[in-house]
Protein chains: 2
Amino acid sequence: MDISCKTAELFASYRSDVQAELKKIINRSPLPVRNILRYHMGWQDESGYYCQRKCGKFIRSTLCFLSCQAVGGDATQISPIAAALELVHNFSLIHDDIQDGSEKRHGRPTVWRLWGQSQAINAGDLMFALAYLALVKLKENSIRDDEIIHSVRLLSEACQELCEGQNLDIEYEDRLDITVEGYLNMIRKKTAALIAASTSLGAYLGEGDDKVPYFHQFGEALGTAYQIRDDILGIWGTKESTGKSVGDDIRQRKKTLPVVYALRNSNSEDKVRLEKFYSQRSIQGEDISTVAGILVGSGARDYAQNLAEQYYRQALERLEASGVESVRQTPLKEVAYFLVERDY
Amino acid sequence: MDISCKTAELFASYRSDVQAELKKIINRSPLPVRNILRYHMGWQDESGYYCQRKCGKFIRSTLCFLSCQAVGGDATQISPIAAALELVHNFSLIHDDIQDGSEKRHGRPTVWRLWGQSQAINAGDLMFALAYLALVKLKENSIRDDEIIHSVRLLSEACQELCEGQNLDIEYEDRLDITVEGYLNMIRKKTAALIAASTSLGAYLGEGDDKVPYFHQFGEALGTAYQIRDDILGIWGTKESTGKSVGDDIRQRKKTLPVVYALRNSNSEDKVRLEKFYSQRSIQGEDISTVAGILVGSGARDYAQNLAEQYYRQALERLEASGVESVRQTPLKEVAYFLVERDY
């Protein structure tokens, strides 16, 4: 199943709505900090010249819009919350790139590489603050006050989880004893919480109150599947498709699912080799493909892809359980399929 | 004028209210990240053992409580916003310490020194998210929904300014051409905006609507005076009183007011020497006292102290212009005096 023309159109129109909202908010910031934010969003190059670069898939805002529409809500009203979700996601990317020492994102130097760590920390903080200024703009779109406050709570709880997950992710860097359960708990917080907030906020603001728990579960399962797929692409994706350097996740010794699985399930010889690689400060050169080979040999790639598909099916099952009319589920299902089967 | 017993009692009781609120919020976070936040707040040592360390003056929450009370509001209702202000302030301190490379705060190793930069960035982010979770708790204290949303807006605007100011502060590190006006714009955003938010939120939630602009101006002028006093103490304070290493601000080549002033107003010989010192990567050893000497010689210390007192008088004038009964102004005036005349 590919994305149908109709869903692709929806995708594009939502994306342009949220981009417009993001530009209004970010362009209110004064120079010189505005340059950093606009660069990160792909709207200008590092010298300040206008450009239009691909900057992410706008997954969270799209899921928010589609969830709102699925429960019969008016998606045009909620672009401020969609913008807030993208701002939170992007603040976390700017900080993540510092924490991981990543030099490239979408094929361009990361913010900290160009402006230094201090400015990058600060630019992320500013984006976080702007997310809340986006959110209070819901008032202009006749969203009720109690709904806005509840949205502040849901968004902040998701941010709290995101940071708790990031804390575990960083802590895992120096550990070899992580269980699959520990890993799943970490990505539930680090990735799935904000995606679950996106689907549940969409359903909530679309007035689908009784359906909100199902949309939350849908988003959480989908976010988990999405992160596992990301782990797979981080090892076996190509630079052309992902925009990242191949093997970055191995180079940085990230404890992604294939690694966590292989550290527990390889034969004893490979286990010793893997433990040795993952005890070094970094993994370089030919060692990267050696590690990738060990992972494949242990069955980690298949295991991870199967688990991603299992969470994907769980996501669909939760969406169906919501009782939303089948035809209204279609765009969400198409996006879900795209997220789990993508090769970028 | 010292702080009277009555104000000191108020101070202590507010402080214990806000501490209780902060503990409720921070203790909801799971381990291991909770340990980092509790350490930063001075509630436990680095091994996780309970302790009670001095951690800041709680200026922002105290000003918020006192402003609420000054306009006749019920200060007991607003401890969630007071906690939110302290959480924002502390998130900014954790990130500031990374950005400045500061190794100590209140005589203890900073968060990044103990847990590394990545965890410190993340711990600051979590504190920022918790500030909004504190804020939505105003609902439990019968604060109206529209007032809560307006508070989200005011707090977020202050955070936006704080980041804009921090952006300038970092950018100034490598410049020698900063004007006093540029410096004042930077500290108005970096420091005074959150203090102005503290006084205006207090007055706003205390239902002193017509007085809010005066309280904002009072906070902004006081915050400016406070930061200038901080600059003076950062150069001429003692380690015992400030808890920081003496000369840290010179060592880190911070463009504080005395430096900005002296770079423009020293005699030509000293100007050349200062420019040379401030073009180095850092200023070390005996050079620190040489720089401090040049600053005194240029009249920068007196200039800064006079300017602090000028903003202090402006703050008092704005408070008086608010029309709040004189007796109700007293605690705020006492705190203001303390902030500008303090030697720590």
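**Exercise 1. Burial of a helix in chain B**

Task: In this predicted model, which residues of H11(B) are buried, and what covers them?

Solution. 
- Step 1: List the buried residues. In H11(B) they are B:Leu257, B:Pro258, B:Val259, B:Val260, B:Tyr261, B:Ala262 and B:Leu263.
- Step 2: H11(B) spans residues 257-265, and seven of its nine residues are buried, so the helix is largely enclosed by the rest of the structure.
- Step 3: Find the cover. It includes H7 (180-205), H8 (212-236) and H12 (268-277) of chain B. H13 (286-297) and H14 (300-321) of chain B also belong to it.

**Exercise 2. The two faces of H14(A)**

Task: Find which residues of H14(A) are buried and which on the other side are exposed.

Solution. 
- Step 1: Check the geometry. H14(A) covers residues 286-297, twelve in number. From first C-alpha to last, the helix reaches 17 Å, close to the 16 Å expected at 1.5 Å a residue.
- Step 2: Pick out the buried set. A:Val291, A:Ile294 and A:Leu295 are buried.
- Step 3: Look down the axis. The buried residues of H14(A) fall within an arc of 100°, so they line one face of the helix.
- Step 4: Recall the helical repeat. An α-helix has 3.6 residues a turn, so residues three or four places apart point the same way.
- Step 5: Turn to the other side of H14(A). A:Glu286, A:Ser289 and A:Gly293 are exposed there.
- Step 6: Name the packing partners. The buried residues of H14(A) pack against H9 (212-236), H11 (248-251), H12 (257-265), H13 (268-277) and H15 (300-321) of chain A.
- Step 7: Check what comes after. A:Gly299 follows H14(A) and has a positive phi, near 85°.

**Exercise 3. A buried serine**

Task: Is A:Ser79 buried or exposed, and which residues does A:Ser79 touch?

Solution. 
- Step 1: A:Ser79 lies in H4 of chain A, residues 79-100.
- Step 2: Count neighbours. A:Ser79 has 24 other C-beta atoms within 10 Å. The cut-off for buried is 20 or more, so A:Ser79 is buried.
- Step 3: Leave out residues up to four places away in sequence. A:Ser79 then touches A:Asp17, A:Val18 and A:Glu21.
- Step 4: Compare sequence with space. A:Ser79 and A:Leu154 are 75 residues apart in sequence and 16 Å apart in space, C-alpha to C-alpha.

**Exercise 4. The relation between the chains**

Solution. 
- Step 1: Compare the surfaces. The same surface serves both copies, with 100% of the contact residues of chain B recurring in chain A.
- Step 2: Count the contact. Chain B and chain A supply 36 residues each.
- Step 3: Assign elements. On the side of chain B that touches chain A, H4 (79-100), H5 (111-136) and H6 (145-172) of chain B each give two or more residues. H6(B) gives the most, 16 residues.
- Step 4: Sort by class. That side of chain B has 18 nonpolar, ten polar and eight charged residues.

Note on methods:
Residues numbered from 1 in each chain as written. Chains lettered and ligands numbered in written order. Predicted model: local features only at pLDDT ≥ 70, side-chain atom pairs only at ≥ 80, totals over all residues. Contact = placed C-beta atoms within 7 Å. Helix = DSSP H or I, 4+ residues; strand = E, 2+ residues; numbered from the N terminus. Nonpolar A, V, L, I, M, F, W, Y, C, P; charged D, E, K, R; others polar. Expected span 1.5 Å × (residues − 1). Buried ≥ 20, exposed ≤ 12 C-beta atoms within 10 Å, placed from the backbone. Arc of directions from axis to C-beta.
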